[in-house]
Amino acid sequence: MNLSSVPKPASLGGGRGLEPAENPLVRHALMAAAVVVALAFLVLLGRLWYLQLLRGEHFRKLSETNRIRLVDLPPSRGLIFDAEGRLLADNRPAFYLAVVPEDVADWKTLGNRLDNLVGLTPEELAKARKAARGAPPFKPIVLRSRLDRHQLALLETFRYELPGVKVMVRYQRAYLAPHVTAHVIGYLGEINRKELERSSRAKYRMGDWVGRYGLEQSREQVLHGLRGARQVEVDAMGREIKVLKEAPSSRGADLTLSIDLDLQRAAARALAGRVGAVAAIDPRNGQVLALYSNPSFNPNDFITGMSVKQWKKLVSDPLHPLKDRSISGMYPPGSTYKIITSAAGLAEKAIDLNTRFFCAGQIPFGRRYYKCWAYKKGGHGHTDVHKAIRESCDVFFYKTGLRLGVERLAKWARAFGLGRPTGISLAHESPGLVPDSAWKKKRFKEPWQDGETLSLSIGQSFTLVTPLQLARMTAAVANRGRLLTPTLVKAVTPPGGEPVPEPEPVTVKVPIKAEYLEVIAKGLDAVVNEPHGTARRARLPGIRVAGKTGTAQVVGLKFEKSFGKEENVPWKYRSHALFVAFAPVDNPSIAVGVVVEHGGHGGSAAAPVAKAVMRAWFGLPQGPVPEFEPQALPPSRRPEPETPKDQKKPGAGA
């Protein structure tokens, strides 16, 4: 049989007689598939190389960060005590609701649960997330502060439903005698971005509180403390399961003040219902014993949160309760300035102990008469410096001032610390004003007039002082010529350490003979203790007090008299009442300066305030609190609206 004759089977090529491998289309398709598979493997190998070798360390760290976190430990502030060790500023725990964004899978669900549990609205949540934009995702966002116990219980009970939610505990400032010490201790505010940029990141973070006023501001560096950190391991819910390392925070140093809380309270009671300030200094060492300004405010409101309405009410109050009148209030010194005129006259030999001027109740000068306050009773007659101080004779000081001239009066005012800040460690201290001819030329483009010297010599004209400057000036007389820089802090105590006393105050010697200061001191003694003295109300049982009254007009005498009776003069046109004092005369341990705005007379309105403070200092029982006179306050502050029937409008005439 011939094999060539046997027919071949039909091929897969559709009968065209070709093998699959020989089919070009099939061969090309197989090759393309092989290339694609090979490229895919190459891509996978490349990605594996990238992840494992090139970025392996980076992703390992990310993984560790996700499991191990660094928790910030802010410090608590140092405590503040008064001179007797009574706590004035404390720290109290406060609970905050926070969330770690990285641990939140569903913000909508979380928001709904928090709304149901603690009433956190979607708007609050969105606002907090927006404020934290750009921050690391593992940094907690504070959603609400000051959680109450009921809210805390709910959050702990349903914690398993709240991934990323944390309850944080921070120490919050609490002021224990808020209204009495507000202007001295001050208050806190949350740090802003500019402050944060200027400060060390190791010390401050966004959300920290810093001093904004008072000693909280001026002693911020020692009160703030040092922050710490804790390295913790967390689970998938963001809950801490293990503490790996911890560097605890360090509390700020404590401050012990020279301020005596009893004196502060005595000043507050005596000034209740009035506007003014008190400053008391120990003339032996310059330590401030009391520094109070009325009206005051509650610094705790700045910590717990203040509504917009509360803030507007506070800043728009016409009596400016945020202003510390004891160091920022500037007032004409009135007759308390006669201490300066006496010192200048004696030191410059314009007068001596035998100098006598006759007071007929007024003196002519230029085209007018300058009156003494004793004008109605015919004046003081023949008057020497002792009698002039005791009875506050204006004519004696007019004539002394004319002999001195404005330049020498200004020189001695500055020598007693007027016209510049005292240097107390509080911000916003006013310098006051000591005018001279150069000042007037610069300020008004006019030469100084001799008639202005007459007003200047009795504490009117342009001179302005603060209550603290008055107390310091009086302390210099009490200690016979040492002008001390007032200090508020007695000691700083670091955590776990011993108290470190503050440096001694700066002392400047007033360049005046001790015998002249002795004359002035005896004159001030006579003001309180001799017949015809103008401050007999300031006497204390068993304690000899020296003092000087002052009444500073705020409008012209003619205008003031246009209202007729004194009680008809509107509050804002009434004279300021001033009083300075020191005691005991033989061994002074306290010097006081008091100003009662629009209080009328120094002897009746300001002297009782100083007396109350000195009573507290010497441990004497307090007398009756000075009567509250509704008319002594502006209409907006009177307890009940009233309009005296016989009160006349300014300029209406007598």
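1. Asp72 stands opposite Ala229 in β8. The strands here are DSSP runs of E with at least two residues, and helices are runs of H or I with at least four, both numbered from the N terminus. This is a predicted model, in which local features need pLDDT of at least 70 and side-chain atom pairs count only at pLDDT 80 or more, while totals for chains, interfaces and linings use all residues. Residues are numbered from 1 along each chain as its sequence is written, and side-chain values use heavy atoms, with hydrogens and water left out.

2. What order do the 3 strands of the open sheet take? The order is β1-β8-β9, with antiparallel pairing (two strands pair if DSSP finds at least two bridges between them). At the edges stand β1 (68-73) and β9 (240-247), each with a single partner strand, so one side of each is left without a neighbour in the sheet. From one strand to the next the twist averages 30 degrees. Strand β8 (residues 228-234) is joined to β1 by 6 bridges.

3. Now to the rings. Rings of Phe, Tyr and Trp (its six-membered ring) pair if their centres lie within 6.5 Å; planes under 30 degrees apart are stacked, over 60 edge-to-face, and the rest tilted. By this rule there are 14 aromatic pairs. Tyr187 and Tyr213 are stacked, because their ring centres are 5.4 Å apart and their planes at 25 degrees. This pair links distant parts of the chain, 26 residues apart: Tyr187 is in the loop between α6 (178-185) and β6 (188-190), and Tyr213 in the loop between β7 (209-211) and α8 (214-218). Both Tyr187 and Tyr213 are buried (under 20% relative accessible area; exposed is over 50%, partly exposed in between, with a 1.4 Å probe and protein chains only). Ring pairs also join Tyr187 and Tyr213 with Phe297, Phe302 and Trp311 in a cluster.

4. Two arginines are worth a look. Arg129 lies over the face of Trp107, 3.9 Å from the ring centre, and the charged end of Arg368 sits over the ring of Tyr370, 4.0 Å from its centre. A charge sits over a ring if NZ of Lys or CZ of Arg is within 6 Å of the ring centre and within 35 degrees of the ring normal.

5. How many disulfides does the structure hold? The count is 0, a disulfide being a pair of cysteine sulfur atoms within 2.5 Å. For Cys359, the closest cysteine sulfur is in Cys393, 3.7 Å away and too far for a bond. Cys359 is buried, at 1% relative accessibility.

Definitions and conventions: Axes fitted to C-alpha atoms, helices over the stretch in contact; angles between N-to-C directions.
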